[in-house]
Amino acid sequence: MGPKDVLQFAQKNGAVMVDLKFMDYPGMWQHFSVPIQQLEEASFEDGFGFDGSSIRGWQPIHASDMLVIPDADTAVMDPFTEAPTLSLVCNIVDPLTKEPYSRDPRYIARKAEAYVKQTGIADAVFFGPEAEFFVFDDIRYDSAANCSYYFIDSAEGAWNTGRQENPNLGHKPRHKEGYFPVPPVDSLNDLRTEMVLALQRVGIDVEAQHHEVATAGQCEIDMRFSTLTRMADHLMWFKYIVKNVARRRGKTATFMPKPLFGDNGSGMHCHQSLWKEGKPLFAGDGYGGLSETAMHYIGGILRHARALCALTNPTTNSYRRLVPGYEAPVNLAYSSRNRSAALRIPMISPSPKSKRVEVRFPDPACNGYLAFAAMTMAGLDGVQRKLDPGDPLDKDIYALSPEELKEVPQVPDSLSSALDALERDHEFLLKGDVFTKDAIRMWIDYKRERELDPVRLRPVPLEFQLYFDI
């Protein structure tokens, strides 16, 4: 769709406002709106000005002026606004140089796609993330000098089997038993279907929806795969739609990786593959039906996995999920079919087009543009350097003895360790100027100063239970 097509689309749909959406550095959508009369064909080159110093991880106040440039291919009607509103995802540029902004996550994703072509290895990289989430009925939290708490509630919560609900009708999923039950145990089927229909209205293909393993409303909706940047755009729409449909129903949705103690957290398994001239490059006659290219791609992901975690699992809460015992893939190994491995080779279809690698350690708190770009760069580094992924691990990794596990590397056990790994290992991200040293430095510094230190400095309620009577 070109600029002229967008204007015609807006007129056809009676749009009276234009919503301009873009990413901050940590990974949240930001936006502002202008009357439809402000959108002209020239707007797709001239853009709209805004204050970049107010966006997390971006400009200092003395160099705050920036421009959003709408991407005409992203035009859809926003499904949640009262007034008909055209929505456009935007790129960020410097108003003086008109150069793309190096810390714009979408620009980094677009550079990663360009680098795929530049290498000659492939001309497209596809991603299919499975972003899990929770739907709760109530969430309260606070953190002050003299108190800290959170309280979560859900009509589905296993802890509510004895609650006075006038009447309590039971049928609440037990811990770790929420996978695929039919209603009434699955009380959120209609809600997820409403989310699916909203996703389809903005042009996102959906393959399935279902309840997930945990109690208290854990859900999954699977989008059909797409190219890197487009899929990252879709992931942002996905989060936006899930949260707003839940709110419309008087509920709240979260992509926080580990909101509940004692049950499964929310992951985001990322299916990925390289293609060239319309042909899949991961299909072959090797292990799991994979090609040598695919095996080297796996080698690259495994080699750089600890550094990748700083981008694919970017919160302190991410590492509450990455612990043994809750289906979290903490052990860095690969296998066909085996879901306890950090990298899985799905064996659902014999078709060469279905051959892909599923990276299972990422979570939905990540910035999709940065996470997808980083995994692509790690995989390409493996292909370029012909990195050997080692032998597959087809045993149940969760059942291995401590002696056997000693030979299997693991993901970092904290955000601090992941950031340290990224600090040591990021040269692969700098190839093709996809990530810049400035962007990586800002990511590490922001995470340490804005997230790690505030969490590290605060006592948590369990510490009073453990230590108050010392």
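In what sense do strand E1 and strand E2 pair, and over how many bridges? They pair in the antiparallel sense, over 7 bridges. Strand E1 covers residues 17-23, and strand E2 covers residues 29-35. The hairpin of E1 and E2 has 5 residues between the strands. There, Gly27 takes a positive phi near 130°. Keep in mind that this is a predicted model.

Next, strand E11, residues 218-223. How many of its 6 residues are buried? The count is 6 of 6. On one side of E11 sit Gln218, Glu220 and Asp222. On the other are Cys219, Ile221 and Met223. Both faces are covered.

What does E11 pair with? Strand E10, residues 206-211, runs antiparallel to E11, with 5 bridges joining them. Gln209 has Ile221 in E11 as its bridge partner. Strand E7, residues 124-136, is also antiparallel to E11, joined by 3 bridges.

On to a helix. Helix H5 runs over residues 228-248. H5 is mostly covered, with 15 of its 21 residues buried. After H5 comes Gly250, with a positive phi near 75°.

Now the charges. How many salt bridges does the structure hold? There are 26. I'll pick out a few.

One of them joins Asp438 and Arg103, with the closest N and O atoms 2.8 Å apart. This pair links distant parts of the chain, 335 residues apart. Asp438 is in helix H13, while Arg103 is in the loop between strand E6 (85-93) and helix H3 (105-119). Asp438 counts as partly exposed because its relative accessibility is 35%. Arg103 is at 12%, so it counts as buried.

Glu177 and Arg174 also meet through their side chains, at 2.8 Å, N to O. Glu177 has 45% relative accessibility, so it counts as partly exposed. Arg174 has 56%, so it counts as exposed.

Back to E10 for another pair. Glu207 forms a salt bridge with Arg224, the closest N and O atoms being 3.6 Å apart. Glu207 is in strand E10, and Arg224 is in the loop between E11 and strand E12 (226-227), 17 residues apart. Glu207 counts as exposed because its relative accessibility is 52%. Arg224 is partly exposed, at 41%.

Asp420, Glu423, Arg441, Asp445 and Arg448 are linked by salt bridges.

Last stop, the surface. Which residues make the nonpolar patch of about 540 Å²? They are Val460, Leu462, Leu466, Tyr467 and Ile470. Val460 lies in the loop between helix H13 (437-457) and helix H14 (461-467). Its relative accessibility is 39%, so Val460 counts as partly exposed.

That's my tour. Over to you.

Key: Residues numbered from 1 in each chain as written. Predicted model: local features only at pLDDT ≥ 70, side-chain atom pairs only at ≥ 80, totals over all residues. Heavy atoms only, no water. Patch = residues over 30% accessible without salt bridge, like charges linked within 9 Å, V, L, I, M, F, W, Y side chains within 5 Å. Areas by Shrake-Rupley, 256 points an atom, 1.4 Å probe, with all protein chains shown as cover. Salt bridge = Lys/Arg side-chain N within 4 Å of Asp/Glu carboxyl O. Helix = DSSP H or I, 4+ residues; strand = E, 2+ residues; numbered from the N terminus. Buried < 20%, exposed > 50% of the residue type's maximum accessible area, 1.4 Å probe, protein only. Pairing = 2+ DSSP bridges. Expected span 1.5 Å × (residues − 1).
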